[in-house]
Amino acid sequence: MFLSNSTLGEVVRTQVKFKMNAYLGTLVSLVFVQLLGLVFSMNGTSSMSTNINNTDIQVVVVSTDTVFIFVAIWALFIGNVITTKGYRNSNLSFVTNSFSNNLSNIIVLIMMSVFAGVTTFLSNNILRTVLPLFNNVDYVKSVSIIDDPLGSIINMGLLICLILMISAGGYLWGTLVYMHKAYMFLLIVLIIATPTTKTGQMILQFIFVDNGSLLFLIVKLIGVSIVLFVLAIVCSNRLEVRR
Amino acid sequence: MDLNSDSTKPIYIRIAEWIENEIIADRFQSDEKVHSQYQLADLFNINPATAAKGLTILVEQQILYKRRGLGMFVALEAKSMILEKRRNETLTQMAMELVLEARRLSVTEEELIQLIKKCEGEQK
Amino acid sequence: MTVIDCQNLKKRYKRMNALEDITFQLEDQKITGLIGRNGAGKTTLLKVLAGFIRESSGDVKVFSNNPYNNLRVSANSILVDDQMSFPDSLTLADILETAPDFYKRWDAELATNLFRYFRLNPKQLHARLSKGNKATFNMIFGLSTRCELTMFDEPTNGMDEAVRSDFYRALLKDYIAHPRTILISSHHLAEMEHLLEDILLIHKGKVVFHQSLEEVKEYAVALQGPTNLVEKMTAGKEILHTKQLDSQRKYVVIRREDLPLIEGVMIYPVSASDVCMYVTDDRKGGIDDVFK
């Protein structure tokens, strides 16, 4: 009898390769979501008009915040969707166990978050290029990566970590829902409870407000992501598949 | 030979009989190698273990002999042994059935012997 | 070497016990038929062995490891069933290309040849395949993995007659070329018994017997003849099945033993498939009794 021995590392690597290939469609959906966000961004988030010497000056603040909100929803959805039955079962035809499946999913989510973070950050540039073509714009002022390389990189890192954390939340949520349908309502409860309760506000403040620097925030976001992923791994280890 | 047809005999017995028939017909000569269990399995679309069982019966009856690592070979006296065996066992069995059937049909002993002689005559 | 070792294996679901008490061992390089009626626990047993679900109690070992969540068992075993699925974004050709990354003994040549023989479309998506073609593709996948433990759960469901016999032939030929442990469940014993070496019969979550096919075929005999004679012959014996043929004649199946020849009573062998059916029958009387 000949038994092949696969190490965890090998299996995870193979699974990541396979999943990146299989989930390519999600990246297409990302681009679509970003474009949609861009369209909504065109009108700007706020504007201000003044009149100096019979000349109308309109200052419009345009940002890619809308794009980010769209991408955040996408990340939550992707984190969730790869835990659903269809995705879960389609991995079972290949070599896997719960732990390797989780690890490879997490790596895939990290890679997708990096891709989503970078592209979302760069969408700012697209906006800057496209804006003058459609609107009656004379001057666009913005900070580009060349002006402030370090700041830009930190911003990009922040974006990536935020997206990762949201996808980690989606991943944990999906895992819980797979365990029991009732957890479906957990997210809804959380969405309502977090900004309205004292503890929720404290947690939000701890993560987003009490920061000495942006780097510190990045570290915190990564920490939260790790906690969420570990919880998902622990929960799903007890999970039976293809019942 | 279709082994999966409705026959009351176990498949491994039919495998053994097939090899015996091949030996009687001189398609397997003395000291010649016979099919392996895997060749038989492929040929008759059966599990190799079943085929092996058929071979084992013939080894036990010393119609075949085993050469380690080489396979199964036909024993020197195989053909005469098979003929002898069939005369003793198969023919007796068939005669037994013939007598039973004759009794069921109320054919007398006389009539039965007449019938056998008649068949004998027709074959000549 | 022992490939599977189950000791008092139980599996409880919320509302029922799928496996009550399963104890058996499977030696390597044998084709074993897992036989049982609907709801006997065949699928549950296979899923426990594949490591998809966890036993509730008892002990289960595959390659000396508990299969649940075990990477070594996953790498060396495959369960082919109709719930098998693949990502919607991959074509059949993509799947066959991905497989060797996971299964080190993947036989690409066999996969390609079978794929061509059964005229599957490489650009097709797995989810879009017809029931029969899906079963065919899953079978090709399962055979090509060359896993030391290859399990099929009702593999021929949905296949047409010609594909079924081709499948059994392909399985046998590949087994002859590369012997390995094959466990195949079905409720059509008759159509695959020629392939089998052993039979594992389970009923209501328990093992009824685990014997060679030849033993199963010699497990029982049937007697048919005048009711009084048949009843006299079978008195005090373990009766597996009876059927009143008409007002005077009866058909009775008992455990095999040497019986005296009695004028008027015919003695028949009982096929393996009938043996399995009779020993797992809990009802008194047969379907005919419903119509009395």
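## The sheet of chain C

In this predicted model, chain C holds an open sheet of four strands in the order β11-β12-β10-β13, with antiparallel pairing. Its edges are β11 (239–244) and β13 (266–269) of chain C, each of which pairs on one side only. From one strand to the next, the twist averages 20°.

Five bridges join β11(C) to strand β12 (residues 249–255) of chain C, in the antiparallel sense. Within this pairing, the residue opposite Thr242(C) is Val252(C) of β12(C).

## Helices against the sheet

Two helices of chain C are described here with the sheet. Helix α9 (residues 227–234) of chain C lies across β10 (220–226), β11 and β12 of chain C, and runs at about 145° to β10(C). Helix α10 (residues 272–279) of chain C also packs on the sheet, where it touches β10, β11 and β12 of chain C. The direction of α10(C) makes about 95° with that of β11(C).

## The two domains of chain B

Chain B is divided into domain 1, residues 11–77, and domain 2, residues 79–123. Taken over C-alpha atoms, the centres of domain 1 and domain 2 of chain B are 28 Å apart. Contact between the two involves ten residues of domain 1 of chain B and seven residues of domain 2 of chain B.

Between them, domain 1 and domain 2 of chain B bury about 900 Å², with 53% of that area on carbon and sulfur atoms. On the domain 1 side of chain B, the residues that lose the most area to domain 2 are Glu20(B), Ile24(B) and Glu77(B), together 55% of what that side buries. Three salt bridges are counted between domain 1 and domain 2 of chain B. A salt bridge also joins the side chains of Lys79(B) and Asp26(B), at 3.2 Å from N to O. Polar contacts across the interface of domain 1 and domain 2 of chain B come to ten residue pairs.

## Where chain C meets chain A

The contact between chain C and chain A takes in 37 residues of chain C and 34 residues of chain A. The two chains bury about 3,200 Å² between them, and 57% of this is on carbon and sulfur atoms. In chain C, the residues losing the most area to chain A are Phe52(C), Leu71(C) and Phe102(C), which together make up 23% of what that side buries.

Chain C and chain A share two salt bridges. Glu10(A) and Lys104(C) meet through their side chains in a salt bridge of 3.3 Å, N to O. There are also 14 residue pairs in polar contact between chain C and chain A. On the side of chain C that touches chain A, the elements giving two or more residues are β1 (2–12), α2 (71–76), β5 (77–80) and α3 (92–102) of chain C.

## Where chain C meets chain B

Here 16 residues of chain C are in contact with 17 residues of chain B. About 1,500 Å² is buried between chain C and chain B, 53% of it on carbon and sulfur atoms. Ile176(C), His194(C) and Glu214(C) supply 36% of the area that chain C buries against chain B, more than any other three residues.

Two salt bridges are counted between chain C and chain B. Asp42(B) forms a salt bridge with Arg169(C), with the closest N and O atoms 2.5 Å apart. Six residue pairs of chain C and chain B are in polar contact. On the side of chain C that touches chain B, α6 (161–177) and α8 (213–217) of chain C each supply at least two residues. The largest share of that side, five residues, comes from α6(C).

Notes:
Residues numbered from 1 in each chain as written. Chains lettered and ligands numbered in written order. Predicted model: local features only at pLDDT ≥ 70, side-chain atom pairs only at ≥ 80, totals over all residues. Heavy atoms only, no water. Pairing = 2+ DSSP bridges. Axes fitted to C-alpha atoms, helices over the stretch in contact; angles between N-to-C directions. Contact = heavy atoms within 4.5 Å. Domains from an automatic or database assignment. Buried area = accessible area lost by both parts, 1.4 Å probe. Salt bridge = Lys/Arg side-chain N within 4 Å of Asp/Glu carboxyl O. Polar contact = N/O pair within 3.5 Å; in protein donor to acceptor, adjacent residues only side chain to side chain.
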